[in-house]
There are 2 protein chains.
Amino acid sequence: MQSLGCDVAALNTVHFSNHTGYGQWTGTKVSAQEITDLYRGLKLSYLDDFDMMLSGYVPGAPALEAVGQIAEDLKRHAIARPGSFFWVLDPVMGDNGNLYVAQEVVPVYRGLIRHADLILPNQFEAELLSEVKIQDVASLQGAIQVIHERYGVPHIVITSVSIPHDGHPASSLSVVGSTMTSDRRARAFKIVFPAIDCYFSGTGDMFAALMVVRMREAVWKNQQRQHGGGGAPLSETEAWISDDSVDALDLPLAKATEKVLASMHEVLTKTCQAMQAQVSKARAVAAVAEQETSNGVADEDVESKENKKLRSIKSRAAELRLVRHLDSLRHPKVEFRAERM
Amino acid sequence: MQSLGCDVAALNTVHFSNHTGYGQWTGTKVSAQEITDLYRGLKLSYLDDFDMMLSGYVPGAPALEAVGQIAEDLKRHAIARPGSFFWVLDPVMGDNGNLYVAQEVVPVYRGLIRHADLILPNQFEAELLSEVKIQDVASLQGAIQVIHERYGVPHIVITSVSIPHDGHPASSLSVVGSTMTSDRRARAFKIVFPAIDCYFSGTGDMFAALMVVRMREAVWKNQQRQHGGGGAPLSETEAWISDDSVDALDLPLAKATEKVLASMHEVLTKTCQAMQAQVSKARAVAAVAEQETSNGVADEDVESKENKKLRSIKSRAAELRLVRHLDSLRHPKVEFRAERM
């Protein structure tokens, strides 16, 4: 976000040495009280005039409630100026059928997303929120419709969908988004792109951070065109919801998602290339150690240590190489376009 | 640092809502134990292969000792590969004759700088470390010589020096640096530049962060030229200390400092311009509130609240506008050159 020119105030919800996928970490979770105190401090110093808020991984229910209260307070203060505050909520709960937060976090998200402007669930999280099992295009559209209708969430992007789409290879992945109309009908679009055969970590955070920047940019760009005939510009419209006359493919959300995906695809491709070299090198080192073990030079402790090291090196190699590819963040080439569902 | 392409692992030493110059803040200091634990976690996950370390504000002596132990551990592991680890230590203690850390922090810094590769004191901090009062060019050179000799610090930059320099207006400021020779003699240069009549905060941190990037860059650029005749390149030389034959004005430290100052001058100029508009606007608002007070509409509480708000707005306006001026960080135009002392 900073490399794209945003002034960011980061409020950590954990202070960990590394992400938990490494298998070991040290550090502390931030308590609900500490989160609330930090926000109170920002208010005391008149540093709470945020245009946007992005919330991500919060490991427990009380801390998540504290984060939600911050967003609600910021929303309340923005009521008199529609469009002046926009909350992007990434409901981080799990992936591929597994929860990686406490069970009691799920109902808290169900309560909070009513106040969010844009949510970014993956397929599993969209299923948890909508209580619809996503298996094909029809159930996908059903899940989106439920989220708009039941929670009133204006904008949704489901960040990884693995159902088949006509006219695309079976191995393709897709991102599916929608901005609701004034009567909460979905306006859905999809962007289909080739899967990259590598395991990555940090993709959800990268997607969310870029979405904040690109959504705002798309709304600012689009408003002239859309409201040429008078009325408030889109950036001064509640929750940046486009007129009912705007087609799914012309939504600022669709334009923003195209740009985000373009950056993602470039960074993931480059990360995957570098990963292969790093892991081969680590494997060679581990093989030497194993050789020593079988020669009786070392013992099982050495072997398990080498395995642990290899695992850490793989985890690290999977972390997205963002700062080495700043141009891909700033000036991505859009290759994959939004299509009608 | 990230916007210049560095992969950074940040280890917070405080988690505050805002810097303490605002007059009020919330949040917590990180304990020595938490700092040590986080570093242990990085080691467990094989994430401790740092090329450089930058240490800055640490509010208490035990936490500073914990930071020092991290640097010493990283140095110990780099012994077999000279030049593979470089510690930039900003000995944040105070400014203009006032300490803003606990008194017992001073002796801890006197012990730690023996292990640092580059230190970045301001004039007051250089006086504390050298026990030399800096009043003119002679005492300035004396202070630098003491720091090289007594502590063996290879590189020093004194980041704000307010003594007169021949041939420059009396209102000028200067930065003075030196890389020691093999027998610990100073090789000093100065860069003189016009003072900007604004109060800023964050200048020390900006200077230090850019110095990390530019020092490394200058060492990598310079090594071909310097070691054309054979021997290890400068980047593989202990503490990146240039051959005794290298003149003060040709030091990588001098080239790095020129670039850092160029970025600083651009960002400070732009921050000062924006600051004036922000403060005038806030003053107008405060004047309206005062008018209401004198009309008996409000009471003293309102007045003191408005004063507090004005103070916060001034503090905020003084914060360097970094992310809005990324080009000034990346591609600064060097105007002020290193000169012989």
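The model is predicted, and the values below are computed from it. Chain A can be laid on chain B with an RMSD of 0.0 Å by a turn of 180 degrees and a shift of 0.0 Å along the axis, which is the relation of a two-fold axis. Between them the two chains bury about 3000 Å², and the structure as a whole holds 29 salt bridges over all chains.

**Symmetry and the shared surface**

- Two copies of a chain are related by a rotation about an axis and a shift along it. Here the turn is 180 degrees and the shift is 0.0 Å, and this is the relation of a two-fold axis; in chain A, the C-alpha nearest that axis belongs to A:Ser3, at 2.7 Å from it.
- The copies meet through the same surface, because 100% of the interface residues of chain A are also interface residues in chain B.
- In numbers of residues, 35 of chain A are in contact with 35 of chain B.

**What the interface is made of**

- The size of an interface is often given as the accessible area lost when the parts come together. For chain A and chain B that area is about 3000 Å², with 57% of it on carbon and sulfur atoms, and on the side of chain A the residues that lose the most area are A:Thr26, A:Tyr46 and A:Val323, which together account for 20% of what that side buries.
- Four salt bridges are found across the interface of chain A and chain B. In one pairing between the chains, B:Arg316 forms a salt bridge with A:Asp49, with the closest N and O atoms 2.8 Å apart.
- The count of residue pairs in polar contact between chain A and chain B is 11, with both residues of each pair at pLDDT 80 or more. The elements of chain A that give two or more residues to the side touching chain B are strand 1 (14-16), strand 2 (27-29), helix 1 (32-44), helix 8 (300-317) and helix 9 (326-330); helix 1 of chain A gives the most, with seven residues.
- By residue type, the side of chain A that touches chain B divides into 10 nonpolar, 14 polar and 11 charged residues.

- Side chains of opposite charge can pair when their charged atoms come close.
- In chain A, the side chains of A:Arg150 and A:Glu131 meet in a salt bridge at 2.9 Å, N to O. This pair links distant parts of the chain, since A:Arg150 is in helix 5 (residues 137-151) of chain A while A:Glu131 is in the loop between helix 4 (123-130) and helix 5, 19 residues apart. A:Arg150 counts as partly exposed at 38% relative accessibility, whereas A:Glu131 counts as exposed at 56%.
- In chain B, B:Lys43 forms a salt bridge with B:Asp48, and the closest N and O atoms are 4.0 Å apart. B:Lys43 counts as partly exposed at 28% relative accessibility, and B:Asp48 counts as partly exposed at 22%; a network of salt bridges links B:Lys43, B:Asp48, B:Asp73 and B:Arg76.
- B:Asp183 forms a salt bridge with B:Arg185, with the closest N and O atoms 3.2 Å apart. B:Asp183 is partly exposed, with a relative accessible area of 49%, and B:Arg185 counts as partly exposed at 45% relative accessibility.

- Helix 4 (residues 123-130) of chain B is mostly covered, with eight of its eight residues buried; among them are B:Phe124, B:Leu128 and B:Leu129, together with B:Glu125 and B:Glu127.
- The buried residues of helix 4 of chain B pack against several elements of that chain, including helix 3 (105-112), helix 5 (137-151) and strand 8 (155-161).
- At the start of helix 4 of chain B, a side-chain oxygen of B:Asn122 reaches to within 3.2 Å of the backbone nitrogen of B:Phe124, and just after the helix B:Glu131 takes a positive phi of about 55 degrees.
- In chain A, A:Asn122 lies in the loop between strand 7 (118-119) and helix 4, and A:Asn122 counts as buried at 7% relative accessibility.
- The side chain of A:Asn122 reaches the backbone oxygen of A:Gly94 at 2.8 Å and the backbone nitrogen of A:Glu125 at 2.8 Å. Leaving aside neighbours within four places in sequence, A:Asn122 is in contact with A:Gly94, A:Asp95, A:Ile158, A:Thr159 and A:Ser160.

Terms used. Residues are numbered from 1 along each chain as its sequence is written. Chains are lettered from A and ligands numbered from 1 in the order in which they are written. This is a predicted model: local features need pLDDT of at least 70, side-chain atom pairs count only at pLDDT 80 or more; totals for chains, interfaces and linings use all residues. Side-chain values use heavy atoms; hydrogens and water are left out. Copies are superposed by least squares on the C-alpha atoms of residues with pLDDT of at least 70 in both. Contact means heavy atoms within 4.5 Å. Helices (H or I, at least four residues) and strands (E, at least two) are DSSP runs, numbered from the N terminus. Buried means under 20% relative accessible area, exposed over 50%, partly exposed in between (1.4 Å probe, protein chains only). Buried area is the accessible area (1.4 Å probe) that two parts lose on being put together, summed over both. A polar contact is a pair of N or O atoms within 3.5 Å; within protein, one must be able to donate a hydrogen and the other to accept it, and residues adjacent in sequence count only if both atoms are side-chain atoms. Ala, Val, Leu, Ile, Met, Phe, Trp, Tyr, Cys and Pro count as nonpolar, Asp, Glu, Lys and Arg as charged, and the others, Gly among them, as polar.
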